Amino acid sequence: MDYRFADRMDNVRSSAIRDLLKYAEEPGIISFAGGFPAPELFPIEPLRAVFDRVLVDEGRAALQYSSTEGYLPLREKIAARMKRLNIDCNAGNVFMVHGGQQGLDFAGKLFINEGDTIICENPTFLGGIIAFGPYVPKYAGVPMDQDGMIMEELEKVLEANPKAKFIYTIPDFQNPTGVTLSLERRKRMVELANQYDMVIIEDSPYREVRYEGQHLPSIKSFDTKGLVVHIGTFSKILSPGMRLGWIVAEEALIQKFVTLKQSADTQTSTLIQRQVNKYLEMYDIDMHIEEIRKLYKKKKDLMLETIAKEFPEGFTYTNPQGGLFTWVEFPEGMDAAVVLKKAIAEEKVAFVPGAPFFPNGGHANHCRMNYSGVAEAQITEGVKRLGRILKTLRKKESW
Ligand SMILES: Cc1ncc(COP(=O)(O)O)c(C=O)c1O
C-alpha cells in the first residue's frame, strides 16, 4: 500500500538501540546494548503495598482525569527535592510528563522550526536525536573531553550560530559517554547562555545515580534569566516502566508545555502519579537510591576491570562516576557496527555501536556498553567474549 505519509516521517528514525534490543531476547545472547536499570532492585513489594493503598484510599480520584500540570502533592514533593539540589523552585515550576523522553519531544515541538540549529554535545543521547527529528533541526555538535562539553568550543559554536534555538546537554554521567560536566563549565555555560539569551535544555536522568565523587549543582541552579529547562525522571531511581518524569522551568514556559501536553495526551496518568506520590510518603526513596548506587558501582568496577584484562591494546574507555554506561573508543578505522555483527554471530554478545550518537555522522570506532542491567556473572562472561572477537579482528583486519 502506498500510504501518503507526512513529510516529517522522513525525519523519524527508529532507534538503533530498540532494533538491537531484539537480540537481547534471543537465548544465550549477553547484551550490553540496552539502557536498562537493574531489574533486581525494582521495589516490587513496596510498590504492591502502595498500589493497594491508593486504590483502597483514593481509588475514585486515582482512576479519574486530573490536571494537565500534574498531581499537586507530587509536584510539591518534587519541588522540595529540587530545592535540595539548589534549584530555587516551587510546585508552580514543576510539570509532570510521561518520562523524560516526552519532555524532549515537547522541547522540540516548542522551540524548533525546520532548519533551526540546536547545539549539543558530540556525541549526544540518541533518544534526543530521535525526539527532535520530526521538527527537522540542524545540529551543531560541540566536542567533549573528560569534563564534558568544552566551553571554548561552545563559544565558537555560539558565535557561528547566535540564533540557535537551544543548547541540549546531559551534564551528569552523560548518555552515551558516562562523562560529567565540571562545576566551572556549568557556570560558564549559563554565562554564555545569558550572553546569547539561549535556552539550555538540561536533561538529567542520572543525576541521583552518583556512586563516586562529589555531587555537583545542576545547571538550573545557576539560572538567573529563566533560560534553563531541567528535565528529571523516576525511570532510573524507581522504575522506567512507570513512565513518569518532570520538567522544572519558568511558569511562562510551563504554560506552553501545558498546551502541548493537552494536544499530546491531556495529562500524565493520574494513577501512576498518585502511586509514586504514595511511595514517597510511605517509603524512603533515598535509601532505595543508595542501594542502586552501591550495586551500579560494583557492576561498573567489574566491567572496567574485566575490560582491562580481556581487551587487546589500543582500546580506551571512560570511567564514569555514576550512571549506566561506559564508552569505548576502538582504534582508528575499526568499525563498531562490523564488530557487532560478528560479536552477535560468533560470540553471542551485543553492544551499541557509537556512530548513531553523533548527529552529523562519522566516529564509527566507538561503542556504548551498559552494565546496570546485566547480571555480574554475565558482565564477566560477555566482556571475555567481546575481548576474544576484538583480538581476532585486530589480527585478521590489522586494525
Ligand atoms: C539522556 C537521557 N534522557 C532521557 C531519557 C529518557 O528517560 P525516560 O523517558 O525513561 O524518563 C534517557 C533514558 O535512557 C536518557 O538516557
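**View 1. Packing of helix α4 against helix α8.** Helix α4 (residues 100-111) packs on α8 at an angle of about 105 degrees, and their axes lie 10 Å apart, the axes being lines fitted to C-alpha atoms over the stretch in contact, with angles running from 0 to 180 degrees between N-to-C directions. The two helices, α4 and α8, are therefore roughly perpendicular to each other, a term that covers 65 to 115 degrees. Residues that meet across this contact (heavy atoms within 4.5 Å) include Phe 106 and Leu 110 in α4 and Phe 257 and Leu 260 in α8. The model is predicted, with local features needing pLDDT of at least 70 and side-chain atom pairs counting only at pLDDT 80 or more, whereas totals for chains, interfaces and linings use all residues. Residues are numbered from 1 along each chain as its sequence is written, and side-chain values use heavy atoms, leaving out hydrogens and water.

View 2. Eight strands, in the order β2-β9-β8-β7-β6-β3-β4-β5, form an open sheet with mixed pairing, where strands (E, at least two residues) and helices (H or I, at least four) are DSSP runs numbered from the N terminus, and two strands pair if DSSP finds at least two bridges between them. At the edges stand β2 (94-97) and β5 (148-149), each pairing on one side only.

**View 3. Surroundings of the ligand.** The ligand is surrounded by 13 residues (a heavy atom within 4 Å), the closest being Gly 100, Asp 203, Tyr 206, Thr 233 and Ser 235. An oxygen atom of the ligand lies 2.8 Å from a side-chain N or O atom of Asn 175, and a polar side-chain atom of Arg 243 is 2.7 Å from a ligand oxygen atom.

Key. Parallel < 35°, antiparallel > 145°, perpendicular 65-115°, else oblique. Polar contact = N/O pair within 3.5 Å; in protein donor to acceptor, adjacent residues only side chain to side chain.
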